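Colleague: Could you take me through this one, a question at a time, before I plan around it?

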Amino acid sequence: MSAHLVSAYLVACRYALLAMAKNRLAAVLLIAFIPMWITVAKTLTTPKTFPFRLRATGTWLRAGGDEITMISGSLNAVSLLVGFLMFSAARRTRAFDRRLTAAGYPRTALIGAKLTTLLVASVLVSTYATAWMLLFWSPLQPFLLGIAVLAVCLVYGAMGMCLALFLPGEVEGLVTIIMISIIDLAPQNPVASTTADKTLVELLPSYGSLQTSLAAGFTRNATLSPLLHSTAWLTAMTATALAAFALHTRAHQPPAPHHDG
Amino acid sequence: MKRQPAVVLRAAAVRKSFGSRHVLRGVGFEARAGQLVGIVGENGAGKTTLLRILSGDLRPDDGRVDLVGTRGYCPQHPVLDEELTVRQHLRLFQVAYRLPSPGRALQLIDTLSVAGYLDAPVKVLSGGTLQKLNLVLALMHDPDVVLLDEPYQGFDWETYLRFWDLAQELKGRGRTVIIVSHLAHDTERLDVLHHLRDGLLGPSPAAGTT
């Protein structure tokens, strides 16, 4: 890799992260909304235990309604937040990226910076949310829980980048992400629906994360197979967003050759 | 006999339609090194479409564009990242153009009186200042051919005059400047004036007159 490409990547990354850190609404949501959601779910819902079947392994488990609601609520909150963050960044820089690449900025450097931003945002938000959950609750496998939360952040972040391709405004993006997240998580909640074991459920974007979180919370098995679903979603979303980026920033003529003088 | 400067930009039979609307119907012209070329036309005449095709931002349906050397394009509406500062924009475009130093960019910033806003985020700047930055980003690599779409929108009188000084300075150094505008005033400052009408380019009746 050339020194120019590395320096282009580092500059793009630094500015993308700085710009993202200035997203005040996202910062407020992160600091206030996530702990509030987790606290409400844990304190206001019933601690009565429910039997449910963990679809990933087929085993029957029992868990407190409050804990299940907290898991589902946290996944919901982090996915909205990272989805919104990435949507808003992708929408903001759409035309500017086109101008920058037309001027000669390496596209791979911009793509690298976008993926790094997605990863950094997801790691930060998922670590923060997992830490709040651990204040209220001791899951059997806390690290696996963190991975499950990270996975849903990545999936929704990539989804936000995709939505920015065809939704014009921030409000449209936010509402769409909220609707998708509701449709995604509601039918999977084991408390709301103990028969949540239809094949269709496996196709939902947060299926992998919810199954892995439940396994992390209430079993000692390192159940990783549901994360393959998350990986498939992440790959599909990222590939779509990057293909659209490549298409959007393509030049219609080869750049004019430099000449001396 | 004095040799004419080389042709650096040539558009031939350029056509572009959007649906059933034929915006450009076979536009052709040439520009030489050291020329200030104006393209005027009414609102919606297709001036921006033509400039976007010349800049490589838009693909023509038919025809071709040949350009020798480097090009700088200043879009009609400032295309910037609202969260970044002026200085951060200069840094990004310094990387894009592979410039060893931001020297010329800072010089232009100075000429256009933007120096006081170097560390201000773009979202707090006035329309005129945004347009100045928009222009600096198109000129900072000292391109051979400069394509400017309504470049002095929102400029105050002082800046407007400084813009023309800058254009003269570019011309003096053999650069070619193409200016698109809906107004045909100040045509005496231009070497060539084209009029875009009904999707075709013709000589303007105002060319060479004041």
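Colleague: Where in chain B is the place of Ser113(B)?

Modeller: This is a predicted model, in which local features need pLDDT of at least 70 and side-chain atom pairs count only at pLDDT 80 or more, while totals for chains, interfaces and linings use all residues. Residues are numbered from 1 along each chain as its sequence is written, with chains lettered from A and ligands numbered from 1 in the order in which they are written. Helices (DSSP runs of H or I with at least four residues) and strands (runs of E with at least two) are numbered from the N terminus. Ser113(B), which has a positive phi of about 55° although it is not a glycine, lies in the loop between α3 and α4 (127–139) of chain B.

Colleague: Is Ser113(B) buried, exposed or partly exposed?

Modeller: A residue is buried if 20 or more other C-beta atoms, placed from the backbone, lie within 10 Å of its own, exposed if 12 or fewer do, and partly exposed in between. Because 15 other C-beta atoms lie within 10 Å of Ser113(B), this residue is partly exposed.

Colleague: And is Arg98(B) buried or exposed?

Modeller: Arg98(B) is a residue other than glycine with a positive phi, near 55°, and its place is in the loop between α2 and α3 (103–111) of chain B. Since 12 C-beta neighbours fall inside 10 Å, Arg98(B) counts as exposed.

Colleague: Which element gives the most to the side of chain B that touches chain A?

Modeller: The contact takes 23 residues from chain B and 23 from chain A, two residues being in contact if their C-beta atoms, placed from the backbone, lie within 7 Å. On the chain B side, β4 (62–67) and α2 (86–96) each supply at least two residues. With 6 residues, the element that gives the most is α2(B).

Colleague: How is α7(A) oriented to α8(A)?

Modeller: The axes of α7 (residues 207–218) and α8 (residues 226–248) of chain A come within 7 Å and cross at roughly 155°, where axes are lines fitted to C-alpha atoms over the stretch in contact and angles run from 0 to 180 degrees between N-to-C directions. Angles under 35 degrees count as roughly parallel, over 145 as roughly antiparallel, 65 to 115 as roughly perpendicular and the rest as oblique. The crossing angle therefore makes α7(A), relative to α8(A), roughly antiparallel.

Colleague: Then how is α3(A) oriented to α7(A)?

Modeller: Helix α3 (residues 65–102) of chain A packs with α7(A) at an angle of about 140°, the axes being 10 Å apart. That angle makes α3(A), relative to α7(A), oblique.

Colleague: Which helices of chain A do the buried residues of α8(A) pack against?

Modeller: The buried residues of α8(A) include Trp233(A), Leu234(A), Met237(A) and Phe245(A), and also Pro226(A), Leu227(A), His229(A) and Ser230(A). The helices of chain A against which the buried residues of α8(A) pack are α4 (107–136), α5 (142–163) and α7.

Colleague: How many residues apart in sequence are Ala89(A) and Ala164(A)?

Modeller: Ala89(A) has its place in helix α3 of chain A and is buried, because 26 other C-beta atoms lie within 10 Å. Leaving aside neighbours within four places in sequence, Ala89(A) is in contact with Ala16(A), Ala19(A), Met20(A) and Thr117(A). From C-alpha to C-alpha, Ala89(A) and Ala164(A) are 8.7 Å apart in space, whereas their separation in sequence is 75 residues.
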